[in-house]
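Hello,

Here is the structure we talked about. Please look through it alongside the notes below.

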Amino acid sequence: MLLAIVALIAGLALLVWSADKFVDGASATARYAGMPPLLIGMIIVGFGTSAPEMVVSAMAASDGNPALALGNAYGSNITNIALILGLVALLSPIAVHSQVLKKELPILMLVTLFAGWQLFDHQLSSLDAWCLLGVFFALMAWSVWQGMRNPQDALATEMEEDLTGQPKMTLKQSIIWLLVGLVLLIIASRMLVYGAVFIAQSLGVSELVIGLTVVAVGTSLPELASSLIAIKKGEHDIALGNVIGSNLFNTLAVVGIAAMIEPMAVDAVVLSRDWTLMAVLTAALFIMGYGYKKQGRINRLEGGLLLAVFVGYTGYLVSTVIA
């Protein structure tokens, strides 16, 4: 048990550090390749901050633990909105300026509803996985198109300022950190999955609950760190963009890859409890962030309510384990 706990903690720490280096290396490499700042923010950073969820879920599915993979993806989405945006909005109310993000909010809502529809038969088959990945790649193509059409978007401006403020890397250094970060991500994910599964089996806790709590919060730490740094700099659109991009990646790519590796039976409680909360939080984010005929905004009161939802949900999950 002690070895499993050490593996879990060390895996989480290494996961956060390696994800940060992976994002830095990928962003710098993309800049050398001439990629516009908006696309770096929407695709490279979005992919990088979701890389922990992607690798952990793929590892879990390949080890025959699909419930851990699904719990990680949905739990991370809940954590991203309720914990990360809730905490960020408490520290500094989030104002939404980017028109690209306003277009992504309804897409995230539709993607969430599509994911729920797939769960109605309590199965995620290979066909479901192909559908999720097909939508994901279509969205990536749409993101590239949006990035080319809106080079002066508010998110692009913030991303340009953020990239300018980062330490300069040579192309060689960028590629090295990209590869080192990726290798360490895989190693850290292997440690994390081993520790989480061993602890769950030893304590008689379901892998789904472990995935929804410990693993989900751990793999969401890169999003938390980048969002807190962004809000400290006053880059509200980057903070929100991190969450929207990560949730799209999690719902489509992370679940899609896991189900492609290991089609899974889905417990009914995932639809009635976890997906439902994820959908409600996504709808709340859409209403607050879109703003309709006024500027979208998440104020401190709304941030406090989001945090309260996270605490209540996590407390409920813990109580089911204790009971």
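Leaving aside its neighbours within four places in sequence, which residues is Thr-112 in contact with? They are Trp-275, Met-278, Ala-279 and Thr-282; contact means heavy atoms within 4.5 Å.

Some ground rules. This is a predicted model, where local features need pLDDT of at least 70 and side-chain atom pairs count only at pLDDT 80 or more, while totals for chains, interfaces and linings use all residues. Residues are numbered from 1 along each chain as its sequence is written, and side-chain values use heavy atoms, with hydrogens and water left out.

Thr-112 sits in helix 4 (residues 99-118). Helices are DSSP runs of H or I, at least four residues, numbered from the N terminus. Thr-112 is buried, at 1% relative accessible area. Buried means under 20% (1.4 Å probe, protein chains only).

Next, helix 11. Its 23 residues (268-290) should span 33 Å at 1.5 Å a residue, and the end C-alpha atoms are 32 Å apart, which agrees. The expected span is 1.5 Å times one less than the number of residues. Helix 11 bends by about 35° at Trp-275. That bend is the angle between axes fitted to the seven residues ending there and the seven starting there.

The whole structure has 1 salt bridge, meaning a side-chain nitrogen of Lys or Arg within 4 Å of a carboxyl oxygen of Asp or Glu. Arg-273 and Asp-274 form a salt bridge at 2.7 Å, N to O. Both residues are buried.

Last, Glu-235. It lies in the loop between helix 9 (221-232) and helix 10 (236-261). Glu-235 is buried, at 5%.

Best wishes

How values were computed:
Helix = DSSP H or I, 4+ residues; strand = E, 2+ residues; numbered from the N terminus. Buried < 20%, exposed > 50% of the residue type's maximum accessible area, 1.4 Å probe, protein only.
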